[in-house]
Amino acid sequence: MSEACLAAAKSALVGVANGDNLASAICAAMEAAVAVPVARHLEETVDLTALQETVDTLGTNLQGTMDGLNTLLLLYGGALVFLMHGGFAMLEAGAIRSKNAMNILLQTIMDAACSALMWYFVGFAFAFGIGDKPNKFIGNAMFALKDIDTHNTGSGTGKWIDWFFQWAFAATAVTIPAGAVAERFNFNAYLGYSMFIGGWVYPVIAHWVWCIEGWLGYGVLEPFIKAGMIDFAGSGVIHMTGGLAGLIGAIMVGPRLGRFDADGKPVDMPGHSAILVVLGTVLLWFGWYGFNPASVLLINSSAYAIVCGRAAVCTTLAGAAGGVACLVYGFARHRGWDLVGLCNGILCGFVAVTACPHVIYPWAAIICGLVAGLWFEFLCWLLLKLKIDDPLSAGPMHFGCGMWGVFFTGLFARQQYIMEYYVHAPSANGDLSKPYPWGAFYKGYNADGELVASDGKLLASQIVGILVIIGWVGGMMVPFFGIFKFFGALRIPPEEEEMGLDRSKHGGSAYNGHAAGNVHGLSPNAPGTDVMRNSSPSAKVIPVTA
Amino acid sequence: MADEDPVAACVSALVAASITEQQATALCGQFAYSADTAGFADSLMQTNQGLNTLYLLSTGALVFVMHAGFAMLCAGAIRSKNTMNILLQTVMDAAVSAIAFYILGYGFAYGIGNNPNGFIGDALFGLARWTSHSSSNDAGANWQAWFFQWAFAATATTIPAGAVAERLNFNAYLIYSFFISAFVYPVVVHWVWAAEGWLGYARLASYSHLFRSGMIDFAGSGVVHMTGGFAGLAGCIMVGPRMGRFDSNGQPVEMPGHSATLVVLGTVLLWFGWYGFNPGSQLIINYTASAAVAGRAAVTTTLAGAAGCLSCLLTAFLRHKAWDLVSGCNGALVGFVSITASANVVEPWAALIAGLVGGWIFDAVCMLFLKLRIDDPLSAAPMHGFCGAWGVFFAGLLAKKQYICESYGRDCDGYVADGLFYVGDGRLLASQVIGIISIFAWVFGLMIILFGGLKAINLLRISAEEEQAGLDVSKHGGSAYNYDHGLGKPEKAQALGL
């Protein structure tokens, strides 16, 4: 019996995966089945319990693998986003005069530290906490990471790594304005601002857009007008917030001494190190590969992995296009290939595409970057006309291009790509609880499966998103800076500004080449001892004493 | 035939053997399922291997970036006339430690040969017999373990460079660098991290543990930072202060570094690298529990660094009435060093305490050094040595039982030694203290002997003239900075107002 069965089964299963094992398993079971009727056999002798155990073990192991993979994504992505602090520090230090370098470097480091504490105590809770009474406006649980084990942290329940990843973004939003108010801002005011935005202004916006209980985001449970705003990694949530806060600060604190001459013409104030500007740009570029691709949050499915890859492609193309746009524009205007212009343009491209790298075609990313670069140049020109002094152009770059990116998403977001990433669960009666609105530029499928032109709901949501972010940040930051200004604590006195913040507030200079005299072991006056040529105030600066 | 559905083939075979089709389908479905699960399990195991390799590869690379951090930090914090010297030392540390760790270090640290013992490893020298002697459950695979561990060894090696900066003889540094990465550091690693080591918490269950507990040192507050820091202390005591660091009354004279920008760049790169250093030290990530540990390590690391930064910043403000950038940077690093031992097993609020107190300890030790006229240009010994010791001690106070079980794969129903401030019985704290004392004695003792020997043959310190001129000109054939603004002679530059 056994041999015959085995031969029959094997011949029947030739070429089938695991055929031989299958055959012997079948025959063994059939032999056992001789004694028992087959129906009973199925219930009793086939060891379903053991099989179930195997499957359970496999399931647990698979869960572990997925958790590990997703944690690694956010750990690595978050570390890259953190490195953008190095980028901001170098970029900002290089683009201002050396007498204030320590000040801005300290602000950047302090932003990271302050925002970590604020994010721990309140920020993360306001942004992502879902407590007993969830509401659309603000989060209300997980203060100081309390009860993190049982709460949804964004990418799952009790995921510590979510706090870290989201903190890295919060820290970025906090540090963006430093460049706009550089060289003249009161340090205490900056400290206050840093805690205020990290603990309150930014988290509320993050709740609206990124927490599933919010009202504004595309992926939230009950989005505004059944569409919601697509903001993948934060053109609006982060860059507009930081950029607008900086712009308001720059307007309220006034221009640097000597930035505009008596006729109101701008006077050039070049930064002290182009090398640092480039180092900063490259570090930011590097960091953006965490900022955008890792914002997918999970990578354990083919669709998510594809979205993550596409985000990296579109990010690269937009940055490149922005850089080229600004470089060519600069050449056309000044007949000079402008290094700093190129660097700015690249960053503008990144800022703009941050809202949508997961839902647009690569060619659209190029358009996004090109327009961002030109839009940036226009805004910079406009600020000079209005005599607003933004040393790092943080306002035009992060606020202006961020706004463009959010708007652009409303035009070019492709429905098929949207559906890859945003999965809307069907409601009880089997219908999709939410449709998938798409960009105004394309046709897409409506709820009845017909190919139709866009109804513009997505574009409308994007515009509403832009307006409410402007309203919220403006409404918070104008009074905040206003109070400091009222008490005369917003700006440093002119003597200190003349001397530079490093000597007046930070007890020294960033560069100690001259002071030490014989620094290189050469005679003090030999060429080469001027470690940085602008280490004393440049002769070009015309002090305004009136 | 190959494309045919195996279940259908099975069913037809059974029907041919006179069983009804319905029953055959039920039977065959189960067996096919069972055969599939074996295939799933295999591909899952391979995915896990890839995942864990990627984990150690990426976090190891982050740890390596810390070399750039140390290079920038050290260069910025010293005078520009010695910049090339310290940059060269940092790069060379990476190279020398790789060779030394390959030939001897990894074997002393992790080799399991014929006579496994608690003191030192005895196999895998030159990575010989890797396939048969590497860690038992993944024999032959896991090459990335060497890479990951080397990145830590290189860090320990390069920490002392800052303490002896601007005056140590380059040949002496070369000898020191090989000695620490080939012998001193690996032995400490074996004690604490190897499966046989006498001191470690994760010692194999079949051995007896120190005080039934062993020492918790997750990523190396003790193993890496105390080793590097106290080696630096031995060096800067033996080599003496820089010329002019203390005036004739013994009062310290400020010697500010030449570039605050580089200090900040270095700090940020170190901070970045620490996200490999701590979260990567869980070593595997393919379990829900270990993924949670890696995540928590990132959280506690961030908070401790932030607390340390603000702690030192405020202390400096209270002392000097100025917001001191370098203090803030040092403070952040102090926070990281302090949490490195316990990043996996403490609550976030505890991480804040670790960083805060670490900052105070750092400031106190720095002041003490100046009183004792010990010149440590980068404060490497207070930062890595003393705050490393604080970090190890701290783990004995606030390590939480539930987190220990997650990280070390223990059963929380059994006996688990945990922090004194919880229901702990002090066994863990006692182990931590023994660990601190042993590491200090081993490292400081050996290093005093090494540097003393070098001093005896007059090889330790450069001559006074060379120190005056700067090491770059005297030893490295030039200067780190060679500016030419294209404006010709200095007079012309002055005329142009530059």
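1. Let me start where the two chains meet. Between chain B and chain A there are nine residue pairs in polar contact, counting those with both residues at pLDDT 80 or more. Please keep in mind that this is a predicted model. The elements giving two or more residues to the side of chain B that touches chain A are α1 (6-16), α2 (21-77), α8 (260-277), α9 (288-320), α10 (325-339), α11 (348-371) and α13 (401-408) of chain B. Of these, α2(B) gives the most, with 21 residues. By class, this side of chain B holds 58 nonpolar, 22 polar and four charged residues.

2. How much area is buried between chain B and chain A? The figure is about 7200 Å², with carbon and sulfur atoms giving 79% of it. Chain B brings 84 residues to the contact and chain A brings 87 residues.

3. Chain A on its own is worth a look. Its secondary structure comes to 17 helices and two strands, and 58% of its 546 residues are buried. Among contacts in chain A with a separation of 6 or more, 73% join residues 24 or more positions apart.

4. Now to the charged pairs. Asp389(A) and Arg259(A) form a salt bridge at 3.1 Å, N to O. Asp389(A) sits in the loop between α12 (362-385) and α13 (394-412) of chain A, and Arg259(A) in the loop between α8 (235-253) and α9 (274-291), so the pair ties together parts 130 residues apart in sequence. Asp389(A) is buried, at 2% relative accessible area, and Arg259(A) is buried too, at 13%.

5. Asp375(B) is buried at 1% and Arg245(B) at 13%.

6. Is Lys146(A) buried or exposed? Lys146(A) is exposed, at 54% relative accessible area. Its salt-bridge partner at 3.4 Å is Asp147(A), which is partly exposed at 43%.

7. Finally, Asn82(B) lies in the loop between α2 and α3 (83-110) of chain B and is buried at 1%. A polar atom of its side chain is 2.7 Å from the backbone nitrogen of Leu471(B).

Definitions and conventions
Residues are numbered from 1 along each chain as its sequence is written. Chains are lettered from A and ligands numbered from 1 in the order in which they are written. This is a predicted model: local features need pLDDT of at least 70, side-chain atom pairs count only at pLDDT 80 or more; totals for chains, interfaces and linings use all residues. Side-chain values use heavy atoms; hydrogens and water are left out. Contact means heavy atoms within 4.5 Å. Buried area is the accessible area (1.4 Å probe) that two parts lose on being put together, summed over both. A polar contact is a pair of N or O atoms within 3.5 Å; within protein, one must be able to donate a hydrogen and the other to accept it, and residues adjacent in sequence count only if both atoms are side-chain atoms. Helices (H or I, at least four residues) and strands (E, at least two) are DSSP runs, numbered from the N terminus. Ala, Val, Leu, Ile, Met, Phe, Trp, Tyr, Cys and Pro count as nonpolar, Asp, Glu, Lys and Arg as charged, and the others, Gly among them, as polar. Buried means under 20% relative accessible area, exposed over 50%, partly exposed in between (1.4 Å probe, protein chains only). A salt bridge is a side-chain nitrogen of Lys or Arg within 4 Å of a carboxyl oxygen of Asp or Glu.
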